[in-house]
Amino acid sequence: MRRYRVEAFERLIEAFNALPTIGKKTATRLAYHLVTEEGFSGLKLAQAIEDAVTTLGTCRRCHAICEDELCGICSDASRDRSKLCIVQSAKDIFTIEESGQYEGLYYILSSIEDLDESHLQSIVEGVEEVIFAFPPGIATDTMILFIEDRLRDRPLVFTKIAQGVPTGVELDNIDLLSLSRALEDRVRV
């Protein structure tokens with residue numbers, strides 16, 4: 001018995017299914033919706049993806065997603081340059097910014113292996129407080145201790161966001177009130 005196949009449709013499903021948190025059923029629903037009900041939206045989505053892939057890069061200072069050499073946060077002179085919030089991903093910056101509770105600068109560090117010590121040393125020039133906004137866990141506590149050790153000769157205050165952020169949960173999965181309170185009630189490391 002031969003199976004009915006539409007190769008272009010199957011490739012679209014596979015493309016959606018390759019995205020994080022998108023399972024086969026959701027991928028099929030999205031593909032079907034774009035093809036049968038929202039053709040123009042599908043073309044807009046394809047154009048937006050192409051534009052993002054070809055024009056976005058990373059900020060040379062903090063490693064956030066941006067369109068220029070420096071992101072809008074690093075190039076904003078009104079930001080509080082005495083505070084540096086270290087996060088694990090660019091999506092964490094978007095989440096913290098949405099809370100409206102932080103006006104300082106950021107630095108993305110996903111793992112100890114990604115640490116460029118000389119770059120970090122230059123980033124902390126003029127900084128008074130380093131805030132760690134990592135989800136709680138043994139690996140992130142290790143990373144905090146490692147960074148503190150590397151910056152021990154600097155007159156820095158080290159803090160981390162307050163507990164209330166559940167262990168093992170990514171920042172973009174936390175409600176904004178909990179995140180706002182965690183930032184306001186951060187504790188010295």
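## Sheet layout

Two strands count as paired if DSSP finds at least two bridges between them. In this predicted model, strands β5 and β6 (residues 157–160) meet that condition with 4 bridges, and they run parallel. Their sheet is open and has 5 strands. The order across it is β4-β3-β5-β6-β7, and the pairing is mixed.

Which strands stand at the edges? They are β4 (104–108) and β7 (187–188). Each has a single partner strand, so one side of each is left without a neighbour in the sheet.

Strands β3 and β4 pair in the parallel sense over 5 bridges. Within this pair, V87 stands opposite I108 of β4. Strand β3 spans residues 80–87 and also pairs with β5, residues 129–132. That pairing is parallel too, over 4 bridges. Two facing positions can be named here. C85 stands opposite I131 in β5, and I86 stands opposite F132 in β5.

F132 also has a bridge partner in β6, namely K160. K160 in turn stands opposite V187 in β7. Parallel or antiparallel: how do β6 and β7 run? They run antiparallel, joined by 2 bridges.

From β3 the chain passes through α4 to β4, a β-α-β crossover that is right-handed. Helix α4 covers residues 90–99 and lies across β3 and β4. The helix runs at about 155° to β4.

A further β-α-β unit is built from β5, helix α6 (residues 138–150) and β6. This unit is right-handed as well.

## Helix α4 against helix α7

Two packed helices are described by the angle between their axes and the distance between the axes. For α4 and helix α7 (residues 176–184), the angle is about 90° and the axes are 9 Å apart. That makes α4 roughly perpendicular to α7.

Which residues of α4 meet α7? They are T95, I96, E98 and S99. On the α7 side, the contact uses L176, L179, S180 and L183. By class, this contact has 4 nonpolar, 3 polar and 1 charged residues.

## Helix α1 against helix α2

Helix α1 takes up residues 7–17, and helix α2 residues 24–37. Their axes come within 8 Å and cross at roughly 130°. That makes α1 oblique to α2. The crossing is right-handed.

From α1, the residues in contact are F9, L12, I13, F16 and N17. They meet K24, A27, T28, L30, A31, Y32, L34 and V35 in α2. By class, the contact of α1 with α2 has 10 nonpolar, 2 polar and 1 charged residues.

Terms used: Residues are numbered from 1 along each chain as its sequence is written. This is a predicted model: local features need pLDDT of at least 70, side-chain atom pairs count only at pLDDT 80 or more; totals for chains, interfaces and linings use all residues. Side-chain values use heavy atoms; hydrogens and water are left out. Axes are lines fitted to C-alpha atoms, for helices over the stretch in contact, and angles run from 0 to 180 degrees between N-to-C directions. Angles under 35 degrees count as roughly parallel, over 145 as roughly antiparallel, 65 to 115 as roughly perpendicular and the rest as oblique. A crossing is left-handed if the near helix is turned anticlockwise from the far one by less than a right angle, and right-handed if clockwise. Contact means heavy atoms within 4.5 Å. Ala, Val, Leu, Ile, Met, Phe, Trp, Tyr, Cys and Pro count as nonpolar, Asp, Glu, Lys and Arg as charged, and the others, Gly among them, as polar. A crossover is right-handed if, with the strands pointing away from the viewer, the path from the first strand over the helix to the second runs clockwise.
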